Structure formats: C-alpha cells, structure tokens
Amino acid sequence: MDGGPFDYPHGGAAMTSETKTERYAPGTIEPKWQAHWASTGLDATPDDSDKPNYYFVTMFPYPSGDMHIGHWYAMAPSDCEARYIRMKGHNVLFPMGFDAFGINAENAAIDRGIHPAAWTDKNMAHWREQFRSLGASIDWRREVVTCYPEYYRWNQWMFLKFLEKGLAYRATAPVNWCPRDETVLANEQVINGLCERCDTPVVKKDLTQWFYKITAYADELLRFDGLDWPERVRVMQQNWIGRSEGAEIQFPVEGHRDAAIRFFTTRPDTIYGATFMVLAPEHPLVPAITVPAQKAAMDAYVATARTESEIERTSAERPKTGVDTGAFATNVFSGQRIPIWIADYVLASYGTGAIMAVPAHDERDFAFAKANGLPIKEVISADGEEHAGLEAAYTGPGRMVRSGPYSGTPSEVGKRTIASEAKKTGIGTPSVTYRLRDWLISRQRYWGTPIPVVYCDTDGIVPVPEDQLPVVLPRDVQLTGRGGSPLAKVDAFVNTTCPKCGGPAKRETDTMDTFVDSSWYVYRYPDPKIDSFFMNVDVAKKWLPVRRYTGGIEHAILHLLYARFVCKALRDLGYLWFDEPFLHLRNQGTIVFKSRKMSKSRGNVVAPDEYVARYGADTLRLFIMFMGPWTEGNDWDASGIEGTWRFLNRVWGIGLGERTSSGTRDAELDRAVQRTIKKVTDDLEGYRFNTAIAAMMELSTAIFHAAGPSRDGATDALVLLLAPFAPHIAEELWERRGGTGSVHRQAWPAYDASAAKDAVVTVVAQVNGKVRDRLELPAGTGEEALKRAALASAKVVQAIGGKPVDRVIVVADKLVNVVTER
RNA sequence: GCCGGCGUACUCCAAUGGUUAGAGAGAGCCGCUUUAAGAGCGGUCAAGUGCGGGUUCGAGUCCCGCCGCCGGCACCA
C-alpha cells in the first residue's frame, strides 16, 4: 500500500462487463461532497420552512482524545435517521456541540502542562473535522460549547433561580469522596462503590456541599406518561429512584426524655416483633445515648466504619457486626424494653438512618440477632399458628401473631392498621421513602462552572446578583491535582466584596458537576448565540421539546435523569412549557473490543481513520450499521467490512450504467423495488439498519442481473434509499445520473403496498402439519377456493388416506392444513 | 440474591405462530473470468434454533423450569 492518501483494497473496479467504467474512489468523492455541502449550507437548517420542523438530537460528546469506533457507532446511525426523516419531508434540526468541561482536561493539564482550555479547543477542532469526515449532516451554526462563559453563565443563572425556589441548598452530609480525583461525587457517579471515572473505591466524608433537590420530583420522575422510551431505561430509572411505602414511627429512648429514635419501615405489621433497634454509626444520637461503659468500643467501631470504603460497607456478604450502645428504647406497641445497637448495615443516608430490627421477618436483622444473641420473636405466621425456634427469617405475608389486639389480622391489612394507629397516637405517620438522593453538584475541581455565591462574615451566604454573571473561571491557576479546590488558591478569584454589604467576602471555590452542563443544552441549540437568556424562546418554540433523542445506554440513569429533573424544575419556574425534554429515546448498545469496553485507559480503542482511509466513510458507516441490531451493541470485528465495500462497488457499477428506455419492463424487478422501499422504510422506523442494508444488497443483486427500463427505475430508487446510509456515494451517483439538486433534498421514495405483492403465490397444502403439496395460485384466492384446491390435490388425498377430516385450517396466501381424526 | 436483555451454520446476523429455519454479510471450498491478482462473477459446504417440559392443527417464535453470557440494582429497612 503506497501512493496517495487513499489506497483501496482491490481496485474497486466497476462491474459492467462490456463498458470500462471509472472505479469507485471514495477518497476523491467524499471530501469533495463534504466541502460542497459545507459551502452550500446543505445542513444549515432554517427555522422556518414549508416543511414541519423536527428536532432530532444525539448526545453531544465529551471531546477527550479522538473519536473512536464507539463514537461512530453512536453517530452514523443517528445521522442516517436524521437524513431519513429529512427526506420524509421534515425540516430536521440536527445539531452538535461539546460537553467541554470535565476532569480529563484538568488531568491533561497536570500531566502535560497544557491549559485545559487549550487542550479542549484543540480536541474540539479535531472532533469537528472527524464529524465532517463521517459525513454527518450537522448544522454547525448552532454549535453549543459548555465551557464558554456565554454558556455556563446560564448554569449559574439557573443555580440562582433554584436557590430562590429552594431547589438548591447547602448542607453538611456524609458524601461520596473519590480519593484519587480528590473530589466529591453524586450517588449516580458511584458505580458499585467505585468512582465512575477512575474506578477508585469511594469513601464517605462529612462535607458541606451544594445540592439540587431532585428528590422533590421523585414521584414525577417515576412517571413516563406519553414518552416513547425503551422499557429497560424506564425500569433502570424506576429502580434507581426506588420508591417504598411504609411508615415513619418513633420509639422513646429510656432515660432521655427528649430523645426519640425515628425510623422508617415498610413492614409496620411486624412491629410487635421489633426486639431491638439499630442505628447507623453516623447517627447523630449515638454519642448522646451511648453509656459510658460502651464509649470506647463505640468510638472504635464508628472510627472503623468511617474509614471503610463504600464497597466494603455495603457488601451484602460480610458478617453483621455492631456494638451495643447500652441504651434502651421502648417498643410502644409491645411495651417491651429493647436494646439499641449500632451497626454498619444500617445506612445513614437512607430513611432516618435508624431501624426497628425485626429479626424474625428480616434476613439482615435475623443474621444480626443470631450473631449477637438478641431475641427473635415471631409475629407473622404463614399458617396463622404460633411457632417456636425460627430457622430463618420469614419475609412473606401471613397473619399477625403475638401482636396483642392485632393478632389474627392479615399482614397486608396490618401494615395499614398499625401505621394509622401510630398516627392516631402521635408517634408516627404513613410515609414514602426513596432510594434517590438529592443531586450533589459541588466538585472540588477547576474545569467546571464556578458556583455563583460568596461567603460574607456579616451576611453569610450571598448569591451573586444576576447582573454580575457570569462568574468567570479564572484562566491563571496552578493545577496539581492535590490539595483541594484549585480555585481556592487563586487569591484574585477568592477575594471579593459582598454584594450585600460591600465588605470583604470570599467566593465559593467549588465548581459544578459537569452533568449540570448537559442537563439543559438542548434548549440552547436553536439559538446558541443569544446572550439575553439561556434560550431564544421565540426560536425554541419552533423546535422544543426534542422529538427524537439518541445516545449511549450508559446514560440511562445519570444524564437522562438529571435532564428530566432540570426540565421539570425550569417548567415550574415558568421557563419551559413542556414536562419532558425527550419525547422519544433510543439507545445504542455498547461497542466493545475483545469483549471489553473501549477506553483510552484500557488501550483498546479502535480508530476509524484507517478504515476511512482504506474504504471511505460510506463503507464504514454502512458496515457499522450492518453489524447487527443497533440497540444491542456488538464486539468490534472488522473482518466483514469487505462485504459492505463490495456492495458499494456494485452500487457504483450499477449507478454508472447506461440508461435504457427500450425493451419491456421487468415485473419481478418492479415488485422487488416496491418491496425494498417498504422494507427499508419500515426498518428505518424501527432503527433496524442491519436488515435495511441487507434488503438493499438484495435489490442491488437483482438490478445487477436485470436489464431494460425497469433497471433504471430500480437504480434510481436504490440511490435514494441509500442516501441516508451512504450520503457521499449516493450524492455522486445522483448527480452523475442526471438528478437535479442534492439527493439529500429529494423526497423519500413512496411504495405501493399492492404493487409490492407477487401476483402468484405458493400455497402449501399440509395434512396434519406435514407438507404434502404446493399449489401455485393467484394472490388473494379466497378461503373456500383454497380449501377446495387443497382437497383436490392427489397428494393431499393420498395423505389423508380416507380418514375423516376433522377440520381444515386456511391461512390466506400461505397454507392449507387438513387435520384428520386420529 | 432481584430485575431486564440475549442464546439460530465456523463467525456476525435474518426469520407478522405457518412451506423443507436463511434475507444479507464474512470465512472456507469448487468452478468461471482475468496477462496477472489479494479484484470480479457463479456455485457450494454448513445449524434443526442452549437444555428439559408444556400449549397448539402447527413453536426458533407463546408459557413453565433450568443452564450460560451481557447489563442494571443490591445490607435501601
């Protein structure tokens, strides 16, 4: 392989035998059309058009390193869909931008001494080129870049609005801390106890941080009314939100008149079986109630719990450990005096951080009771009888036993009865708890949006006034990756004056989680230049909400949940007129290499460039879409790319063939065209690119072997069908075949369902499910006629062998099954 | 452990409950073509659908129980 920048595998010869034609040279035609489309503004979408507007967004990337095959896998099929919808007659806005803040830029600065801004700019420039080389039909005039002050000032503005509305707040809480990135993380960014970014085990730290009150929308976020979203994403979000119904009840602590322990339970019906209580080690009452004799043991246990990583603490397999506080509570239902323990299997962050332990009916409490010799009392019985000596916790339903006046009550009824009884006596209330936590948005990192508040000795926390936004991220900063927020070391940034009293004040030095940036970017695309508001309402009204959204399944919870929350919050603030940002969502599966997720750190990244150089972007686009169902993902294996290359060469050869108007039409080819149009259309509606391409391959083979006028029409249709998939070759052939304008401005071919059908069909004649004969009959033959025809078949008669016919099943145009008595 | 998804030729994948499981592609093999070729054309080999039951006139497809792989959740009270 030598010569120019483009070396083709094997000549790419055109295939018509009699005429020598020019070979297919994507290296020439692809850059030519890319430049042409850019200069003629083909992808620049007008806000007003005679066609209906259609807003189609695919998730914007984080411009770290280069585009790899995984990004093509996300992008090429989305671009194909956007082009298809355009040809279907819509004015499609298909924008792109960059999720440009993030820790990678900062790490690059630390490792290589490049400023994050410079690193990001360089990457974005490269990415734009790569998008171009892929042939993506992006309206670049609407590009959104989140690290520019024009953009992130609106993060700050929204923060102030949220603050006014009580949706943003500052609180001290045990939060997730990544020791390697030296920053806190939101719950969603902790995957199996590891930092989502760097896989470092996360630990808990008590810190004062900023939160967004996403839990205020927990119930609404559980609803997906009117949304066309994949089932699995909805289920993942529902699991994540984790709604559970129960009751919050409190038991008084003996000897502490004003202390009561509040706990949440989903099983109020088991309350008579609460033989002890357990507090989380971090529970605020622990120091107050621990008896002096237990103080030392308690301190040691709490200290250990705090240093353990989340992965250790939340492992379900580890033995249940804990320490007795020496204090007692009163189970106000059973009247019993019950000990109060602490144990790390109770989480400070869920419910109230305390539980009533019912060892007989909870596996964890059972294990803990066994390990520490605590009493186990059966209060729910499957058969309604009392038993002694439970072998294991019984967590199922049954009748209440040993439960005073409630004995005999079915447990399901008891849940409600006990909860309302607790309410009546003023010690509790029915309650709902969520697994979802508020969104921790503070980050102790540099490359993000400064949180717009100042701290004043006189006035406390003071929001930066709107007219002083943006709070610009200072450029001069020492980045070491150590020692807390980098901004804290920039005196010129930190030291400011209080907007209220004018006295000296200090700025907040944490920045925002970058998921804040991506939670609303789709509102900015319609007019990213507007500086008077976060969006241009007049223009946005023509587009929003997003009609179709595509992106990786890895964002099923993180980005998609945050974006839904921000949408609802902005709606309630009066800025948006819809409830959900993305009406229709489809997620591509993950493309892996040698069964492992592609990532730069694992060193298994596959670059598209060499394939583009060898086969062209169209072949690679096609191959990526041909590999299998897009929503499933796949293992990268380029060995089949020859197939799509051969296909495009065949299309090229066909496309350059002479037009013929003489001769008779080929009815079979005409039908094949109709069938293919229907198949490709249906498949594109369902994102089934692989089968759509297979259908086009089939058609190309049929055209190859055909001649005459039908061939011309078939080829024209094929070029149109191929346009969304392989935009460059389709454009080139469209032009060479004398088409006017761009192929991408043509109407999607329509099909005639009746013309797609064969005139004659083969109907199978079965006897007892076994095929005995085949009948060639006109399509649409009636049921009775089919039955008669089958029963007239000598082979069928022979197979029946004189046995009485029980019944005859007829499927139109398919089969007749004669069922005999046996 | 719980919840999803998937399991079909050597490989990637097709198949509204309906013909003898094959649309398409790769690999292999054979032939043709070509000055030659790693190009092109045609052909061919190859699974009875992870396992076991069931429903049905008919099951890859529906149901039940297992097994395996992938993903999500997981001491959440």
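Reader: Which helices and strands each supply at least two residues of the surface near RNA strand B?

Author: They are α7 (231-241), β11 (256-265), α20 (641-655), α22 (689-704), β31 (760-767), β32 (770-778), β33 (805-811) and β34 (815-820). Helices (H or I, at least four residues) and strands (E, at least two) are DSSP runs, numbered from the N terminus. This is a predicted model, in which local features need pLDDT of at least 70 and side-chain atom pairs count only at pLDDT 80 or more, while totals for chains, interfaces and linings use all residues. Residues are numbered from 1 along each chain as its sequence is written, chains are lettered from A and ligands numbered from 1 in the order in which they are written, and side-chain values use heavy atoms, with hydrogens and water left out.

Reader: Why is the approach of Asn690 to a phosphate oxygen of RNA strand B called a polar contact?

Author: A polar contact is a pair of N or O atoms within 3.5 Å; within protein, one must be able to donate a hydrogen and the other to accept it, and residues adjacent in sequence count only if both atoms are side-chain atoms. A polar side-chain atom of Asn690 lies 3.3 Å from the phosphate oxygen, so the pair qualifies. Base oxygens of the RNA also take part: one is 2.2 Å from an N or O atom in the side chain of Lys320, and one is 2.4 Å from such an atom in Asn817. Within the protein, the side chain of Asn649 reaches the backbone oxygen of Trp645 at 2.8 Å. Asn649 belongs to helix α20.

Reader: How do you know that β10 and β11 pair?

Author: Two strands pair if DSSP finds at least two bridges between them. Strand β10 (residues 243-253) is joined to β11 by 7 bridges, so the two strands pair, and they run antiparallel. Ile249 stands opposite Phe263 in β11. The hairpin has 2 residues between the strands, and Gly255 takes a positive phi near 80 degrees there.

Reader: Why is the aromatic pair of Tyr169 and Phe211 called stacked?

Author: Rings of Phe, Tyr and Trp (its six-membered ring) pair if their centres lie within 6.5 Å; planes under 30 degrees apart count as stacked, over 60 as edge-to-face and the rest as tilted. Tyr169 and Phe211 are 5.5 Å apart centre to centre with 15 degrees between the planes, so they are stacked. Tyr169 lies in strand β5 (residues 168-178) and Phe211 in strand β9 (residues 203-212), so the pair ties together parts that are 42 residues apart in sequence.

Reader: Are these two residues buried, exposed or partly exposed?

Author: Buried means under 20% relative accessible area, exposed over 50%, and partly exposed in between (1.4 Å probe, protein chains only). Tyr169, at 26%, is therefore partly exposed, whereas Phe211, at 8%, is buried.

Reader: What makes the pair of Tyr611 and Trp636 edge-to-face?

Author: Their ring centres are 5.6 Å apart and their planes stand at 70 degrees, so the pair is edge-to-face. Tyr611 lies in helix α18 (residues 609-615) and Trp636 in the loop between β30 and α20. Tyr611, at 15% relative accessibility, counts as buried, and so does Trp636 at 5%.

Reader: How do you know that the charge of Arg83 sits over the ring of Trp37?

Author: A charge sits over a ring if NZ of Lys or CZ of Arg is within 6 Å of the ring centre and within 35 degrees of the ring normal. Arg83 lies over the face of Trp37 at 5.2 Å from the ring centre. The charged end of Arg507 likewise sits over the ring of Phe493, 5.6 Å from its centre.
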